[in-house]
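Here are a couple of exercises to work through with the model open in your viewer. Try each one before you read its solution.

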Amino acid sequence: MTAIAHRYEFVYLFDVTNGNPNGDPDAGNLPRLDPETNRGLVTDVCLKRKIRNFVSLAKEDAEGYAIYMQEKAVLNNQHEKAWKALDIAPDAKDGYKKLPKDEAKARELTAWMCRNFFDVRTFGAVMTTGVNTGQVRGPIQIAFASSIDPVVPLEVSITRMAVTTQKEAEDQSGDNRTMGRKHIIPYGLYRAHGFVSAKLAERTGFSDEDLALFWQALGNMFEHDRSAARGEMAARKLIVFQHDSAMGNAPAHVLFDAVSVQPAQPDGEAPARSFADYRVTVDKAAIPAGVTVHEHF
Amino acid sequence: MAFGVRLQVWGDRACFTRPEMKVERVSYDALTPSAARGILEAIHWKPAIRWAVDRIHVLKPIRFESIRRNEVGGKLSPASVAKAVKAGTTNGLANFVDEDRQQRAATVLRDVAYVIEAHFELTAKAGPDDSVGKHLDIFNRRARKGQCFQMPCMGVREFPANFKLLEDGEAVPEPDASLRAERDLGWMLHDIDFARSMTPRFFRARMAGGVIEVPPWQSEEVKA
């Protein structure tokens, strides 16, 4: 697996219709809002979770594509696999607590984790959880996604024609109904920025195939993340900037500024309710030399 | 400032976590010298050089916001690991991500912009072909073109830091009017002393006219 040779930045647009893309635990699972602008937010870790889930679905634990941060995974079994696979005996006194004194062996352990786990290669991991296999910084960095326009979360009350306990049934003298609440955003188009460092990819062995899989995950991850809370979510656009060199050929903010998302009807009175209400343009003239733009879908 | 560099950095959010409030993270009011060093090293660093931050200009008003996220819980206790090693099995050491949830709030800065003034010294690892001029040129060239080893960040990786080089003769932007008065930011982390088993060292940060003067690493004012 040869590591990628180019630096990349990407702009990722996804939308939600009548759903909650990312609940805020501080606000009773209301969609996250930026309190200053009322724009919706989706955290980086939310997107990463979906990418991990997609890869584990798509690859079904194929060799080298295991997912370390599994839902319901046993992290330390994974670590122990590394120790066992490389046949390194635990230190008599410290057990598996510390990295082996021998730095080469420690590096071997980390390399083994990178080879076998897609998400360690991609996002990195802190593996100092008792059974120690070192710390990895991954090449891919994702920032918070925020919506293009302010969003208005709606609270939808729903009823359930059943109750949970006998006591509730008695309290209602056999009426047996409960009320619940859902929070939805009627429509929101979200924009996320991401970065891929070729130099860190060299250290974790993040390859071109991995990158292709990563783009594929961004394209399809919402297709496998359907649930009652999510509503309809879809990846709308992925604009990738590929630099000619590993260090990059242009500042990231210049590239991001070249992508503008505007309302399709500049004087439109009605709030946006579909992706057709927006127009995404990439200002090709503003892209410096040495950077190529790919639009993935 | 013959050997100095000036780098302007800005971003939507930042979290320079206070070491005394790491669980539910609370950010310092401004960029710390150690985070500034990290930003510079993300653009250019070699073992032959050591960055030293001289001055930090704060350009935008200091504002906070709270974000709560699901995070993975704590580490395992070494004692239980030792026990498992003795038994030769990891049974009972299970760590389920979604059963080991901690919801943690982070109080982070919003809409930040700084100018970092820094210089570097050559270290003992510098070879015969490492000169100050060479590394200075590399840094300036990269910062000018927006090149970096990895995208620098504002304390944590989910908050990327945009950067641009301030050329010689280019003035530092005016700080916001709310920063004119002198402010005492209290004890702030200067950096971690890696030579002495990661001891953090602190200094008394004072901001006047938006400028924090950072005392030299080995000076009397920096205390472990």
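**Exercise 1.** Work out how B:Glu65 and B:Arg13 meet, and which parts of the chain the pair links.

*Solution.* Start with the side chains: B:Glu65 and B:Arg13 form a salt bridge (a Lys or Arg side-chain nitrogen within 4 Å of an Asp or Glu carboxyl oxygen) at 3.0 Å, N to O. Strands here are DSSP E runs of at least two residues, numbered from the N terminus. Then check burial (buried is under 20% relative accessible area, exposed over 50%, partly exposed in between; 1.4 Å probe, protein chains only). B:Glu65 comes out buried at 5%, and B:Arg13 is buried at 7%. Last, zoom out: salt bridges with shared partners put both into one network with A:Asp34, A:Glu36, B:Arg63 and B:Arg110.

A word on ground rules: this is a predicted model, where local features need pLDDT of at least 70 and side-chain atom pairs pLDDT 80 or more, while totals for chains, interfaces and linings use all residues. Side-chain values use heavy atoms, without hydrogens and water, residues are numbered from 1 along each chain as written, and chains are lettered from A and ligands numbered from 1 in written order.

**Exercise 2.** Find what A:Glu36 forms with B:Arg110, and say whether each is buried or partly exposed.

*Solution.* The two form a salt bridge, closest N and O atoms 3.5 Å apart. A:Glu36 lies in a loop of chain A and B:Arg110 in strand 4 of chain B, so two chains are joined. A:Glu36 is partly exposed at 41%; B:Arg110 is buried at 8%.

Note on methods: Helices (H or I, at least four residues) and strands (E, at least two) are DSSP runs, numbered from the N terminus.
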